[in-house]
Amino acid sequence: MEDNETGDTNNSNQGNESPVKVTRFRNLPSVNNSSSEDLHAIITNNEDSHLLSSVRRRVQISSGKVQTGSLNVLSAKYESLDYDTSVDMYVAQGKLYIPYGLWVLYNVVPVFIGSMLVAFVEPIAAGSGIPQVKCYLNGVKIPRVVRIKTLFVKSVGVVCSVVGGLAGGKARIQLNRGRTYDTLGAVVAAGISQGKSSTFGKDFNIFRYFREDHEKRDFVSGGAAAGVSAAFGAPVGKEKQNKWGPIQSGRRHKFLEPRFNLANFFASVISTFTLNIVLSTYHGVPGNLSYPGLLNLGQFETFGYEIYELPIFVIMGAVGGLFGALWNHINYKITVFRMRHVRPRWLKVFEACIVAAVSATLGFLMMFLINDCKPLGQDPTRYPTQLYCSDGQYNVLASIWFQTPEASVRSLFHDPPNTHNATSLAVFVVVYFLLAAWTFGLSSSNGLFIPTLLTGAAWGRLVSIGMCYVFPETLDHPGKYALIGAAAQLGGVVRMTISLTVIIMETTGNITFALPLILTLIAAKWTGDFFNEGIYDTLIQLSGVPLLPWEPPPLVHNIYASEVMSHPVVTLRCVENVGHIVELLRLTTYNGFPVVDPPLTDQNEVTTYGRIRGLILRSQLIVILKRKIYNETSDDWDSITASIFRNEYPRYPMIDEISINDEEKTYSVDLRPFMNPSPYTVLHSSSLPRMFKIFRGLGLRHLPIVNDTNEVIGMVTRKDLARYRVWRHQGRMGVEELLISKEI
């Protein structure tokens with residue numbers, strides 16, 4: 001035996017005091033890879049038999065004395081940190097309610113925080129924000145939709161919804177991801193474009209030219225487009241502007257301007273490029289621009305589809321339309337119930353916590369009751385979860401539930417065949433379908449994009465299992481049916497076609513599926529439209545917002561302006577008394593007043609109207625009174641410029657906040673320098689479709705109605721046109737006249 005050069009130990013075979021050598025190991029053939037003869041020769045070799053003792057026994061702890069300072073000895077005093085085996089321990093002890101209670105608690109607490117913020121701080125931050133932004137860009141003033149407080153509450157609320165495990169939370173933080181980021185992008189654009197913060201009372205004295213509604217709405221449109229691009233890595237600005245409903249185009253004449261489209265496209269490209277820089281730095285490879293978007297559903301490998309599969313995709317689209325219509329109907333009924341009975345704020349918070357607890361309970365029951373265990377060697381997930389499975393197995397359902405919804409969608413898209421059990425998928429589809437319908441509309445910041453994709457991908461994967469039984473030799477990629485199912489389900493809920501095709505192609509990196517996707521989405525839209533409206537249109541109708549569609553309602557060519565207009569109209573003279581203006585503003589809520597010449601007639605019995613000279617807004621009158629721009633104070637008009645109106649935008653004071661003494665009420669104001677001297681007008685004999693196209697195409701707010709002598713006899717606003725609405729149901733169509741109420 002040779003001497004030990006690195007340290008001395010005691011050989012237990014020679015006594016405790018005799019120093020022995022430490023054996024240096026040499027490379028030996030692997031026991032698992034050796035033949036029986038080689039293994040027999042190795043083990044029967046007396047000289048080296050102790051080298052392979054681990055084959056027959058565990059490592060023995062030496063009882064010999066170790067010299068202090070040795071570098072080749074391991075201590076037996078240290079133990080490994082235990083893994084979390086609390087669930088297994090509680091299962092063995094029959095106390096499964098403890099981990100269940102902890103899971104419910106971990107879900108409820110963050111949801112409670114997010115719901116409290118929404119209910120008590122900024123209620124407009126509830127939901128996805130898409131209906132509100134859609135109405136804002138359509139020309140409707142939605143209070144507080146683009147405020148900094150809304151941005152803060154929605155950002156924090158989204159995180160709380162995700163952490164709380166709601167069937168909808170991930171859709172918001174990843175904009176759905178796009179859906180939340182178009183809202184957040186709109187808020188950011190609205191704030192930056194004004195060069196001031198009304199919330200913090202800070203004016204940076206920049207961008208004053210953009211302080212008016214039309215310019216601000218254009219910036220909001222660009223911000224929404226940039227948000228979508230950041231979420232999906234999709235800087236196809238024009239497609240997002242013109243086809244994502246009215247989100248980016250604003251449903252105004254602006255969508256016809258190449259300059260406007262170019263500006264939005266440029267904002268989208270810059271947004272995507274900036275996100276690439278940030279993500280590449282975050283992942284430790286700055287400058288590597290290979291991170292196009294936050295929402296990534298995985299790159300689909302190149303695979304094709306057969307001609308016989310196209311009818312199958314169309315049928316799946318029709319099924320998605322049916323499921324989408326059912327989902328919309330369930331959510332509509334739940335929303336109506338909330339509007340009628342869940343009105344107190346504390347009750348809204350309580351409902352959100354109940355949904356969080358029920359979501360955890362259903363997931364727990366599914367994983368506990370359904371045996372869906374697979375060998376660990378087949379796990380495609382990044383972090384397989386054993387849960388109640390035997391050693392060497394993982395629970396497929398647990399992997400779906402404990403992943404983020406986005407990761408679960410990616411798994412259903414890319415998992416190999418035979419990964420998922422048909423029974424598990426069927427139960428998951430039903431449970432998650434109902435949970436998503438219940439969750440959307442809570443007093444929390446969440447949406448429906450990713451949950452709907454996940455539901456559709458699950459039943460699409462279920463279809464692939466059925467196809468595998470029918471065509472076992474031809475099904476090469478089950479993920480394509482999951483992709484079609486996801487598109488069909490989402491299209492059946494939101495009723496979008498071209499925009500969803502572009503978005504799904506960009507998030508999956510597969511352009512070869514453009515034809516199946518568009519066929520699926522068209523089938524889903526047509527099928528769903530047969531039963532009800534898309535979910536966003538339904539929510540807008542429930543809120544009573546006067547949204548103007550693209551085209552005028554059909555069957556209304558025999559309705560004329562004289563029937564639509566509001567009358568008698570409240571007018572002002574070119575030179576008006578201050579006291580009259582003050583009383584008029586206090587007694588009415590109108591936002592526009594025609595300026596007319598006083599009627600000229602010698603007959604008191606004959607009704608006459610003033611001839612129109614212009615149109616002035618309520619906000620302009622407020623600023624005039626606040627600045628005291630009277631005829632009697634004309635010597636001080638040298639400092640009066642158009643900027644006085646922009647400086648007060650967007651929060652104009654109320655008339656009761658303006659101090660006007662009795663002497664000032666006797667003064668007069670010349671409105672001609674401030675009014676619009678050439679407003680758009682139509683004759684009283686104009687048809688409703690003509691008025692609609694003028695109002696809608698020019699982005700108007702007020703449309704005065706004049707008679708044959710150009711005298712103002714009425715006024716048409718958005719509400720007057722929006723109250724004629726088309727209804728469609730099961731192949732039938734008609735026009736209904738809505739009521740206008742201040743109670744909703």
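In which sense do S12 and strand S13 pair, and over how many bridges? The first close-up takes up that question, and the others follow from there.

This is a predicted model, in which local features need pLDDT of at least 70, side-chain atom pairs count only at pLDDT 80 or more, and totals for chains, interfaces and linings use all residues. Residues are numbered from 1 along each chain as its sequence is written, and side-chain values use heavy atoms, with hydrogens and water left out.

**View 1. S12, S13 and S14 form an open sheet with mixed pairing.** S12 and strand S13 (residues 703-706) are parallel partners, joined over 2 bridges. Here strands (E, at least two residues) and helices (H or I, at least four residues) are DSSP runs, numbered from the N terminus, and two strands pair if DSSP finds at least two bridges between them. Look for Leu683, whose bridge partner in S13 is Val706. The order across the 3 strands is S12-S13-S14. At the edges are strand S12 (682-683) and strand S14 (712-716), each of which pairs on one side only. Helix H27 (residues 688-698) lies across S12, S13 and S14 and runs at about 145° to S13. Axes such as these are lines fitted to C-alpha atoms, for helices over the stretch in contact, and angles run from 0 to 180 degrees between N-to-C directions.

**View 2. H24 packs on a sheet of S7, S9 and S10.** This open sheet has 3 strands in the order S7-S9-S10, with mixed pairing. S7 and S10 stand at the edges with a single partner strand each, so one side of each has no neighbour in the sheet. H24 touches S7, S9 and S10, and its direction makes about 75° with that of S10. S9 and S10 run antiparallel and are joined by 5 bridges; within this pairing, Val596 stands opposite Ile612 in S10.

**View 3. Helix H24 (residues 618-627) is mostly covered.** Of its 10 residues, 8 are buried, where buried means under 20% relative accessible area, exposed over 50% and partly exposed in between (1.4 Å probe, protein chains only). Among the buried residues of H24 are Arg618, Gln620, Leu621 and Ile622. Their cover includes helix H23 (578-587), strand S9 (592-596), strand S10 (612-617) and helix H25 (643-648). Just after H24, Lys628 takes a positive phi of about 55°.

**View 4. S15 and S16 make a hairpin.** Strand S15 (residues 724-729) and strand S16 (residues 732-737) run antiparallel, joined by 6 bridges. Arg728 has Met733 as its bridge partner in S16. The hairpin has 2 residues between the strands, and Gln730 takes a positive phi near 50°.

**View 5. The largest nonpolar core has 83 residues.** A nonpolar core is a set of buried Ala, Val, Leu, Ile, Met, Phe, Trp, Tyr and Cys residues joined through side-chain atoms within 4.5 Å. Those with the most contacts inside this core include Trp327, Phe413, Leu448 and Ile535. A second, separate core of 27 residues includes Phe593, Ile616, Ile622 and Met675.

**View 6. Glu351 is buried in helix H13 (residues 345-369).** Its relative accessible area is 13%. Leaving aside residues up to four places away in sequence, Glu351 touches Arg338, Val342, Trp438 and Leu442, a contact being heavy atoms within 4.5 Å.

**View 7. Gly392 sits in the loop between strand S5 (373-375) and strand S6 (393-395).** At 42% relative accessibility, Gly392 is partly exposed. Gly392 and Leu376 are 16 residues apart in sequence, yet 5.6 Å apart in space, C-alpha to C-alpha. Not counting residues up to four places away in sequence, Gly392 touches Lys374, Pro375 and Leu376.

**View 8. Cys353 and Cys574 are both buried.** The relative accessible area is 12% for Cys353 and 8% for Cys574. The structure holds 0 disulfides, a disulfide being a pair of cysteine sulfur atoms within 2.5 Å.

**View 9. Over residues 169-179 the pLDDT is below 50.** pLDDT is the predictor's confidence in each residue, from 0 to 100. The protein's mean pLDDT is 78, and 78% of its residues reach 70 or more.
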